[in-house]
Amino acid sequence: MPGLAGLRAWIVTDGKAGDENQCLGLAECLGLDAELRRIPASGPFGWFAPWGPTDPRQGPRRPGGALHGPLPDLVIASGRRAVPYLRACRRLGVGFTAFLKDPRTGAGTADFIWVPEHDSLRGSNALCTITSPHRVSAARLDAARAAPDPRLAPLAGQRVAVLLGGDSRHLRFSEDVIARLLAQLRQLTTMSCSLMVTASRRTPERLREPARRLAAETGGYFWDGTGENPYLAMLALAEAIVVTSDSVNMVSEAVATGAPVLLCEIEGTPPRHRAMYAALARAGALVHFDGRLTDLRYTPIDATPVIAQALADAYIARRRGRD
């Protein structure tokens with residue numbers, strides 16, 4: 001982005017993969033020289049976030065602390081535990097701050113805020129988009145297609161990526177949901193489809209192991225955690241993508257490919273997530289999975305460049321205001 005490439009940035013999160021990947025995707029799109037600054041994910045200071053203080057052990061005078069060292073040009077943060085640290089960065093003199101998702105402390109928490117459209121926060125400094133920022137850029141997808149992963153390229157028939165999430169505080173993968181999903185995936189394999197399956201750290205073993213066996217029995221591929229993660233390669237080569245409804249990040253990454261997205265709905269999916277999926281269905285990118293492929297045609301949906309451009313504009317406008 002004009003004016004931001006090469007600027008130093010801190011990415012402040014508690015290490016949660018979803019939050020961190022959103023920040024990294026935005027930093028990469030902007031061309032920033034970004035450094036991860038992880039804060040504690042547990043302990044009493046986290047309990048009082050987003051309103052409480054920072055952990056003194058993470059302060060600017062503590063070598064190795066999250067706030068130690070020369071201040072960056074800007075900070076990008078995400079997650080409620082990061083909010084006190086973002087406030088501290090502003091007090092220390094960082095010239096521009098950005099926060100991804102609702103900080104729960106109002107639009108004045110940062111100079112720039114991104115929130116998904118299905119959240120309620122609004123403000124003159126807040127940008128809303130249907131999907132979230134991520135690292136699955138068009139350039140990275142093109143590169144993965146140009147040099148197909150040798151573990152996936154030989155798969156026969158139509159390659160279907162299967163992105164399995166897992167239990168969360170909002171929902172749980174019931175036995176009925178797991179049985180239905182496995183039966184629907186097996187149905188796909190009877191239609192000349194090869195499954196490319198990846199599971200998350202949250203995927204329950206009662207889903208992970210049967211999915212692994214299904215892929216092995218039917219000539220598909222299951223990533224068992226060894227070797228380089230083929231997640232991007234799966235998305236790049238997929239002619240359709242099955243994804244569970246527990247993760248808006250995985251759905252956002254899936255619709256960035258332009259491949260039909262088949263949503264496996266999990267009981268307890270929050271209404272605000274359902275609103276996002278309904279918007280993507282109206283855009284022609286997503287349908288609910290019923291064990292069959294659907295031919296959806298749509299332009300890939302990727303909000304990351306849009307968010308990056310808005311952040312760059314806000315940064316430049318703030319710098320000009322100070323000059």
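**Figure 1. Helix 10 and the residues on its buried side.** In this predicted model, helix 10 has 19 residues and spans 27 Å from first C-alpha to last, close to the 27 Å expected at 1.5 Å a residue. Look for Thr304, Ile307, Ala308, Leu311, Ala312 and Tyr315: these are the buried residues of helix 10. They take up an arc of only 135 degrees around the axis, so they sit on the same side of the helix. An α-helix has 3.6 residues a turn, so residues three or four places apart point the same way. On the other side of helix 10, Arg320 and Gly321 are exposed. What do the buried residues of helix 10 pack against? Their partners are helix 1 (17-30), strand 3 (74-78), strand 4, strand 5 (112-116) and strand 6 (126-129).

Figure 2. The structure holds 1 aromatic pair. Here the ring centres of phenylalanine 96 and tyrosine 315 are 5.4 Å apart and the planes meet at 70 degrees; with over 60 degrees counting as edge-to-face, that makes the pair edge-to-face.

**Figure 3. The largest nonpolar core.** This core has 35 residues, and Leu152, Leu163, Ile241 and Val251 are the ones with the most contacts inside it. Two or more residues each come from helix 4 (138-146), strand 7 (158-164), helix 7 (231-237), strand 10 (240-244), helix 8 (248-255), strand 11 (261-264) and helix 9 (271-282). Helix 7 gives the most, with 7 residues. Zoom in on isoleucine 241 and, setting aside neighbours within four places in sequence, you'll find it in contact with Ala161, Leu163, Leu235, Ala254, Thr257, Ala259, Pro260, Val261 and Leu262. There is also a second, separate core of 26 residues, with Ile178, Val197, Ala199 and Ala215 among them. As a rule, in soluble globular proteins, nonpolar side chains tend to be buried together.

**Figure 4. Helix 9, with a buried face.** Helix 9 has 12 residues and reaches 16 Å from its first C-alpha to its last, close to the 16 Å expected at 1.5 Å a residue. Which residues of helix 9 are buried? They are His273, Met276, Tyr277, Ala279 and Leu280. Seen down the helix axis, they fall within an arc of 155 degrees, so they line one face of helix 9. Turn to the other side of helix 9 and Pro271 and Arg282 are exposed. The buried residues of helix 9 pack against helix 8, strand 11 and strand 12 (286-288). Just after helix 9 comes glycine 284, with a positive phi of about 80 degrees.

**Figure 5. Arginine 201, an exposed loop residue.** Where does arginine 201 lie? Look in the loop between strand 8 (193-199) and helix 6 (205-217). Arginine 201 has a relative accessible area of 74%, so it counts as exposed. Leaving aside neighbours within four places in sequence, arginine 201 is in contact with Ala17 and Arg208. The C-alpha atoms of arginine 201 and glycine 165 are separated by 7.9 Å, with the two residues 36 residues apart along the chain.

Definitions and conventions
Residues numbered from 1 in each chain as written. Heavy atoms only, no water. Core = buried A, V, L, I, M, F, W, Y, C linked by side-chain atoms within 4.5 Å. Buried < 20%, exposed > 50% of the residue type's maximum accessible area, 1.4 Å probe, protein only. Helix = DSSP H or I, 4+ residues; strand = E, 2+ residues; numbered from the N terminus. Contact = heavy atoms within 4.5 Å. Expected span 1.5 Å × (residues − 1). Arc of directions from axis to C-beta. Phe/Tyr/Trp six-rings, centres within 6.5 Å; stacked < 30°, edge-to-face > 60°.
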